[in-house]
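The entries follow in the order in which I looked things up.

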Amino acid sequence: MKRFPAAKTIQVSTDFYQISVLPFSAIIIKICRAYTNSQEDFEDYYQEVCLQIWRSRDNFREQCEWSTWVYRISLNVCLTLLKRKKSDGKTYFTSDVLPDVVITENKAFEDESLNLLYIAIRQLSEVDRALILLYLEEKSYQEIAGILNTSANNIGVRVSRIKERLKKILHGKIN
């Protein structure tokens with residue numbers, strides 16, 4: 001198992017960012033994009049995730065890979081901020097309440113199909129978003145189950161259902 005051994009010994013925050021956060025920025029960006037609907041929110045979420053990774057660095061017990069640790073923190077921060085936003089009464093979307101108008105800002109990728117995929121992913125429930133992001137990161141069902149505290153069999157069933165839901169969402173948008 002690949003670990004991140006230097007996480008506990010890094011003293012300077014800029015070094016910490018460059019060594020411990022920057023190599024994993026792609027996954028942080030994907031998670032933040034999946035849970036935000038505007039560039040402003042994305043930047044706020046990304047900044048908070050980086051801050052929380054730094055704050056929790058001493059809690060890393062090397063019981064998992066550093067990338068898994070970063071993923072968990074990113075996910076928890078995004079879900080916390082999303083819940084806070086809901087309690088503030090700001091607009092949010094779940095799989096139960098789909099928007100009438102598709103929000104097309106927050107285009108992070110040059111490939112339009114990826115932007116459409118992330119717009120579709122943002123319409124999934126919070127847990128389904130987390131699950132499909134892990135799946136897209138090519139994590140095994142066992143790894144996903146470990147991160148989300150469920151069984152690998154449950155992950156397999158849910159991935160199948162999420163794929164069907166995404167197909168329906170994308171089919172409606174593309175055609």
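This is a predicted model: local features need pLDDT of at least 70, side-chain atom pairs count only at pLDDT 80 or more; totals for chains, interfaces and linings use all residues.

**Entry 1: charge pairs**

I began with K85 and D41, and both are buried, where buried means under 20% relative accessible area, exposed means over 50%, and partly exposed lies in between (1.4 Å probe, protein chains only). Residues are numbered from 1 along each chain as its sequence is written, and side-chain values use heavy atoms, with hydrogens and water left out.

K85 and D41 form a salt bridge, with 2.1 Å between the closest N and O atoms; the term stands for a side-chain nitrogen of Lys or Arg within 4 Å of a carboxyl oxygen of Asp or Glu. K85 lies in helix α4 (residues 66–87) and D41 in helix α3 (residues 39–55), so this pair ties together parts that are 44 residues apart in sequence. For helices I use DSSP runs (H or I, at least four residues; strands are E, at least two), numbered from the N terminus.

I then searched the whole structure and found four salt bridges. One of them joins the side chains of K30 and E137 at 2.8 Å, N to O. K30 sits in helix α2 (residues 25–34) and E137 in the loop between α6 (126–136) and α7 (141–148), so the pair ties together parts that are 107 residues apart in sequence. K30 counts as partly exposed because its relative accessibility is 27%, and E137 is also partly exposed at 27%.

I looked up K167 and E164 as well, and their closest N and O atoms are 3.5 Å apart in a salt bridge. Both residues belong to helix α8 (residues 152–174), three residues apart, which is about one turn of the helix. K167 is exposed at 54% relative accessibility, whereas E164 is partly exposed at 41%.

**Entry 2: rings**

For aromatic pairs I took rings of Phe, Tyr and Trp (its six-membered ring) with centres within 6.5 Å, calling planes under 30 degrees apart stacked, over 60 edge-to-face and the rest tilted. The count by this rule is four aromatic pairs. F16 and W66 make an edge-to-face pair, with 6.3 Å from centre to centre and 90 degrees between the planes. This pair links distant parts of the chain, F16 being in helix α1 (residues 13–21) and W66 in helix α4, 50 residues apart. F60 and W66 have ring centres 4.9 Å apart and planes at 90 degrees, so this pair is edge-to-face. F16 is buried at 2% relative accessible area, W66 at 1% and F60 at 1%.

Which residues do the ring pairs link into a cluster? I find F16, F60, W66 and W69 in it.

I also checked for charges over rings, which requires NZ of Lys or CZ of Arg within 6 Å of the ring centre and within 35 degrees of the ring normal. R33 lies over the face of F42 at 3.8 Å from the ring centre, and R57 lies over the face of W54 at 4.2 Å.

In α3, I find D41, F42, Y45, Y46, V49, C50 and I53 buried. They cover an arc of only 165 degrees around the axis, which puts them on the same side of α3; the arc is that of the directions from the helix axis to the C-beta atoms. The face turned away from this buried side carries the exposed residues E40, Q47 and R55.

A nonpolar core here is a set of buried Ala, Val, Leu, Ile, Met, Phe, Trp, Tyr and Cys residues joined through side-chain atoms within 4.5 Å. The largest one has 47 residues, and I28, C32, Y35, I53, W66, Y71 and L166 touch the most other members. Among the elements that give two or more residues to this core are α1, α4 and α8, and α4 supplies the largest share, 11 residues.

**Entry 3: backbone**

Last, I noted that E62 has a positive phi of about 60 degrees although it is not a glycine. E62 is in the loop between α3 and α4 and is partly exposed at 31% relative accessible area. N149, also not a glycine, has a positive phi of about 55 degrees; N149 is in the loop between α7 and α8 and is exposed at 70%.
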